[in-house]
Amino acid sequence: MKKVKKAPRKQGSIKGKLLVMIMPVVIVTVAVLVILSTTLSGNSLKEMAVEQLSSSISNQGDNIESWLDENLQYFATAKHTIESVKPDEDQLQTLLDSYYGFNSNSPEGLYIGSSKGKIYKAKESSLEVADPTSESWYTEGMTRINMAYGTAHTNDSGEYVVSASGILNDGSDDIKIISSDVSLDQISIIVNSGVKMNNASSFLVDMTDNTILAHRDSSLMSTTLGEGDSSTLMSGIATAINENDTDEQTIGGYMVDFRAISGTNWMLVSYIETDIIMESVNNIRNLLILIGIVAVIVIIIFIRIIVTRIMAPLGDIAENISAMSAGDFTITVDSDSNDEIGMMGSKVREFLDSMRHMISSISDESAKLKQESDNSDMVSKQMYDASQSQSEAMQQLNDTVDQLAIAVNDIAENATVLASVVADTKDNSEKASDSMDETVAMSQKGREDMEHLNEAMKGIEQANNELVGSINKVGNASEEITNIVGMIGNIAEETNLLSLNASIEAARAGEAGRGFAVVATEIGKLAQTSAESTQNIAGLIQEVHKLIEEAVGQANASAESIQENTVLINTAVDTFDQIYNNIQESSRLMGEMIDDVEKVNDVATNVAAISEEQAASADEILATSQNMVEQANNITKSSQDVADNSHELANTSDTLTQHVSQFKI
């Protein structure tokens with residue numbers, strides 16, 4: 001199954017990620033601060049507005065109370081003077097005339113009404129009262145010993161006034177009520193001009209009948225404040241007054257505060273539009289938002305500058321790691337800072353030095369491995385050529401032994417025939433003599449063949465010894481290769497350990513070490529591949545070593561067999577010499593054999609027996625020769641395997657050299 005290649009991941013920067021992470025935090029923080037500041041400022045402004053409105057209405061109330069108390073004090077003093085004098089009617093008139101015009105707030109001066117319906121007033125007063133007992137000031141005065149203010153009303157002149165009245169104790173039997181009218185114009189001035197808070201307004205209400213005593217709008221003067229009023233503000237104020245809910249509150253989009261006037265049944269109401277207060281809050285909010293935006297921009301600029309300066313060394317390290325991942329180890333790593341980035345640069349530099357040393361060592365060992373593999377390949381080829389020569393020599397020996405066996409069998413058959421012929425007839429002695437001559441010739445040829453066989457066996461023995469020496473050399477070379485492969489395996493394990501340590505360090509570095517982790521992983525894979533290759537090479541060399549040991553064993557066995565065959569051949573040569581001598585003796589005695597057939601018959605029988613023994617020995621030599629041929633073929637096959645393994649080892653060395661050549665040190 002074809003592996004699908006993953007698309008390369010988009011390369012990002014830590015600086016960008018930090019800015020992306022920090023900017024929302026800064027924006028949210030500034031936004032929270034702006035909202036919190038706006039809320040606190042709004043609440044503070046509202047509280048200040050409430051306090052200012054309360055202070056304003058309190059000041060107005062104090063001014064009204066002070067003005068009323070001042071007038072009331074004047075009236076009380078006049079009342080006390082009249083009561084202390086206990087004047088008659090003439091004296092009373094004189095006193096009332098003297099008080100006329102003295103208090104500008106009371107233009108009609110003091111006047112007195114009696115239960116008999118008589119009215120006493122200053123001569124210059126224009127006050128007209130038909131029946132004082134029917135007036136509201138008289139009725140209210142009947143309930144008070146000291147003078148106090150009553151309800152507001154319109155006098156005969158159409159002027160809106162409030163009367164201060166009380167019982168006058170002048171010592172007479174007639175019940176008299178002293179009173180004085182105070183114009184509300186001055187109170188209107190105090191109410192309308194005494195507001196300290198900008199854009200705020202006030203008005204004065206008599207809670208007895210909800211009559212408006214003073215208002216900035218003169219058309220509302222003397223009108224009644226009711227819950228059915230078309231104005232949401234006025235109807236809400238009427239409801240609050242009727243329900244005696246006179247705490248500071250918001251009514252119809254207005255902030256409203258109340259103040260009861262001491263000594264009266266009056267209520268001072270002050271109000272201001274909530275939007276006017278919120279206008280300042282909105283201005284502060286807009287200003288804070290503008291300041292927040294500027295602050296965010298300035299903070300982001302400073303953060304960008306700081307992050308850029310901090311991340312500059314890390315960018316150099318990233319470039320160095322990218323170069324190392326491309327196989328370039330000629331770079332120089334700077335680590336001047338004493339922070340984590342500096343420590344990372346120092347570790348990268350240490351890793352760079354270690355990798356340079358390791359790659360240099362691997363390159364050297366790879367060259368040595370290449371040289372040794374070439375030597376092993378050459379030795380294996382020599383061993384293969386020697387084993388092939390031995391196989392050919394053994395094949396020739398096998399052919400010679402085969403011919404010898406045929407010749408010996410022929411001798412045995414001829415000897416048997418000879419014995420039979422001698423036993424049958426003496427007349428055939430001449431034929432036997434001829435046959436004996438032929439036998440002498442054949443034995444001579446067999447003797448020569450056995451000598452050739454002996455020389456061939458000596459050559460085979462020498463070739464076998466040379467083969468054993470070559471195999472031993474190959475065994476020594478394989479041991480050296482095993483040591484080199486073990487060294488490469490140790491280097492691969494150290495490389496894998498370094499890769500693991502580098503991966504751990506990269507994992508500790510987090511996102512900054514991700515690229516370095518890829519490099520460490522690739523190095524680990526290369527080390528793992530090298531380790532597996534060394535294991536395969538070690539296995540192949542072990543198999544070669546085992547085959548060499550088997551070849552040495554087989555060569556030794558072949559040497560022993562060759563020695564045994566040499567002994568047998570030497571014995572056969574001696575036997576052939578003996579046969580030759582016996583045949584010659586038989587030829588010499590052939591004449592005597594004619595005379596003594598029985599002796600010739602005995603000799604023929606002995607020759608037949610010896611021929612059979614020689615035939616048996618020839619068969620044994622043939623079997624041994626065939627076995628040697630098979631062993632020689634096995635040695636040739638083993639030599640070919642050694643050559644193939646040496647070639648594979650050379651290829652592995654080339655592959656390792658190619659991997660190492662990818663790195664620049």
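Buried means under 20% relative accessible area; exposed means over 50%; partly exposed lies in between (1.4 Å probe, protein chains only). Keep that in mind for the first stop.

This is a predicted model: local features need pLDDT of at least 70, side-chain atom pairs count only at pLDDT 80 or more, and totals for chains, interfaces and linings use all residues. Residues are numbered from 1 along each chain as its sequence is written, and side-chain values use heavy atoms, with hydrogens and water left out.

**Stop 1: helix H5**

Select residues 232-242, helix H5. Helices (H or I, at least four residues) and strands (E, at least two) are DSSP runs, numbered from the N terminus. In H5, 8 of the 11 residues are buried, so the rest of the structure largely encloses this helix. Colour the buried ones: Leu233, Met234, Ser235, Gly236, Ile237, Ala238, Ala240 and Ile241. What covers them? Show strands S6 (201-206), S7 (211-215), S8 (249-251), S9 (254-260) and S10 (266-273), which are included in the cover. Now step just past H5 to asparagine 244, which takes a positive phi of about 60°.

**Stop 2: an open sheet**

Next, find the open sheet of 5 strands, in the order S2-S1-S5-S4-S3, with antiparallel pairing. Its edge strands are S2 (119-121) and S3 (148-154), and each pairs on one side only. The twist averages 30° from one strand to the next. Two strands pair if DSSP finds at least two bridges between them. S1 and S2 have 3 bridges, in the antiparallel sense. Select tyrosine 111: lysine 121 in S2 stands opposite. Then show H2, which packs on the sheet and touches S1, S2 and strand S5 (176-183) (contact: heavy atoms within 4.5 Å). The direction of H2 makes about 45° with that of S2. Axes here are lines fitted to C-alpha atoms, for helices over the stretch in contact, and angles run from 0 to 180 degrees between N-to-C directions.

**Stop 3: asparagine 103**

Go to the loop between helix H2 (89-99) and strand S1 (110-114), where asparagine 103 is found. Is this residue buried or exposed? Asparagine 103 counts as buried because its relative accessibility is 10%. Leaving aside neighbours within four places in sequence, asparagine 103 is in contact with Asn71, Tyr74 and Phe75.

**Stop 4: lysine 368**

Finish in helix H7 (residues 340-424), where lysine 368 lies. Lysine 368 is partly exposed, with a relative accessible area of 45%.
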